[in-house]
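Keep the picture open while you read.

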Amino acid sequence: MGLFYRVVQFILRVLIKFFFRIEIEGKEYLPTKGPAILCSNHTSVFDPIVLGCIVNPRVSFMAKEELFKIPLLNIIIRKLGALPVRRGQGDRKAIKDALRRLKEGGVFGLFPEGTRNKERRKDIKPLKGVGFIAAKSKAMVYPITIQGEYKPFSKVRVIAHKPMVYDKKEYENKFNDPILGFTEEIMASIYEDL
């Protein structure tokens, strides 16, 4: 892992601890190495920062491609391991890049909602990309719930749930669309504590 990532991670950990009271429940369910997929609800721009700070391995995320068009931000998020994704369509390149990172033993952060869900609505259908990437990579999926508002000095609770793995036979027997079924079970685990 690069020095730039470690330095940024250290600085962000200090800032996060200062500005928010982060409580982590289920630390035993957080990955210590990859390949692994962190899946969380997504209400704020702070969510990927918190996820990247609560585990030691480097966490890569997909970020909307528009962010990569901002010159300085492009350099920073690329150095942090972010991958551009075209939203609203099946972006094969982004999926291939995510699978490659996982094959190399990386940790990848994904938000099944596909975008921020500021209202914390539970009726949003998850995108199948999470299930597809989990099925193709055979990586363990770590569902995480983030509770609370990112207001200065407020409590933010992070709940790590029991890891899940895609079992093709099991999900083919349970669902007409096994990938979507697995993704919905990941979402159900995350939303259980919202």
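A salt bridge is a side-chain nitrogen of Lys or Arg within 4 Å of a carboxyl oxygen of Asp or Glu. With that in hand, look at Lys93, Asp97, Arg100 and Glu104: salt bridges link these residues into a network. One thing to keep in mind is that this is a predicted model.

**Charged pairs**

The general idea is simple: side chains of opposite charge can pair when their charged atoms come close. How many salt bridges does the structure hold? The count is 9. Here are three of them, with the N to O distance for each.

| Glu25 | Arg157 | 2.4 Å |

Start with Glu25 and Arg157, whose side chains meet in a salt bridge. This pair links distant parts of the chain, since Glu25 belongs to strand E1 (residues 20–25) and Arg157 to strand E7 (residues 154–160), 132 residues apart. Glu25 is partly exposed, at 37% relative accessible area, and Arg157 is partly exposed too, at 27%.

Is Asp97 buried or exposed? With a relative accessibility of 12%, Asp97 counts as buried, because the cut-off for buried is under 20%.

Asp177 lies in the loop between helix H6 (168–174) and helix H7 (178–191), while Lys128 lies in the loop between strand E5 (107–110) and helix H5 (129–137), so the pair ties together parts that are 49 residues apart in sequence. Asp177 is partly exposed at 28%, and Lys128 is partly exposed at 40%.

Next, find helix H2 (residues 46–54). Which of its residues are buried? They are Asp47, Val50, Leu51, Gly52, Cys53 and Ile54. What covers them includes helix H1 (3–19), E1, strand E2 (36–40), strand E3 (59–64), strand E6 (140–147) and E7. You have already seen E1 and E7, as the strands that hold Glu25 and Arg157.

Let's zoom in on how H1 sits against H2. Two packed helices are described by the angle between their axes and the distance between the axes. For H1 and H2, the angle is about 105° and the axes are 9 Å apart. The two helices are therefore roughly perpendicular to each other, because angles of 65 to 115 degrees count that way. On the H1 side, the residues that meet H2 are Tyr5, Gln9, Leu12, Arg13 and Ile16, and their partners in H2 are Ile49, Val50, Gly52 and Cys53. Sorted by class, this contact has 6 nonpolar, 2 polar and 1 charged residues.

**A look at Asn74**

Finally, click on Asn74 in helix H3 (residues 71–79). Asn74 has a relative accessibility of 19%, so it counts as buried. The side chains of Asn74 and Arg78 are joined by a polar contact of 2.7 Å. If you leave aside neighbours within four places in sequence, Asn74 is in contact with Leu67 and Phe68.

Terms used:
Residues are numbered from 1 along each chain as its sequence is written. This is a predicted model: local features need pLDDT of at least 70, side-chain atom pairs count only at pLDDT 80 or more; totals for chains, interfaces and linings use all residues. Side-chain values use heavy atoms; hydrogens and water are left out. Helices (H or I, at least four residues) and strands (E, at least two) are DSSP runs, numbered from the N terminus. Buried means under 20% relative accessible area, exposed over 50%, partly exposed in between (1.4 Å probe, protein chains only). Contact means heavy atoms within 4.5 Å. Axes are lines fitted to C-alpha atoms, for helices over the stretch in contact, and angles run from 0 to 180 degrees between N-to-C directions. Angles under 35 degrees count as roughly parallel, over 145 as roughly antiparallel, 65 to 115 as roughly perpendicular and the rest as oblique. Ala, Val, Leu, Ile, Met, Phe, Trp, Tyr, Cys and Pro count as nonpolar, Asp, Glu, Lys and Arg as charged, and the others, Gly among them, as polar. A polar contact is a pair of N or O atoms within 3.5 Å; within protein, one must be able to donate a hydrogen and the other to accept it, and residues adjacent in sequence count only if both atoms are side-chain atoms.
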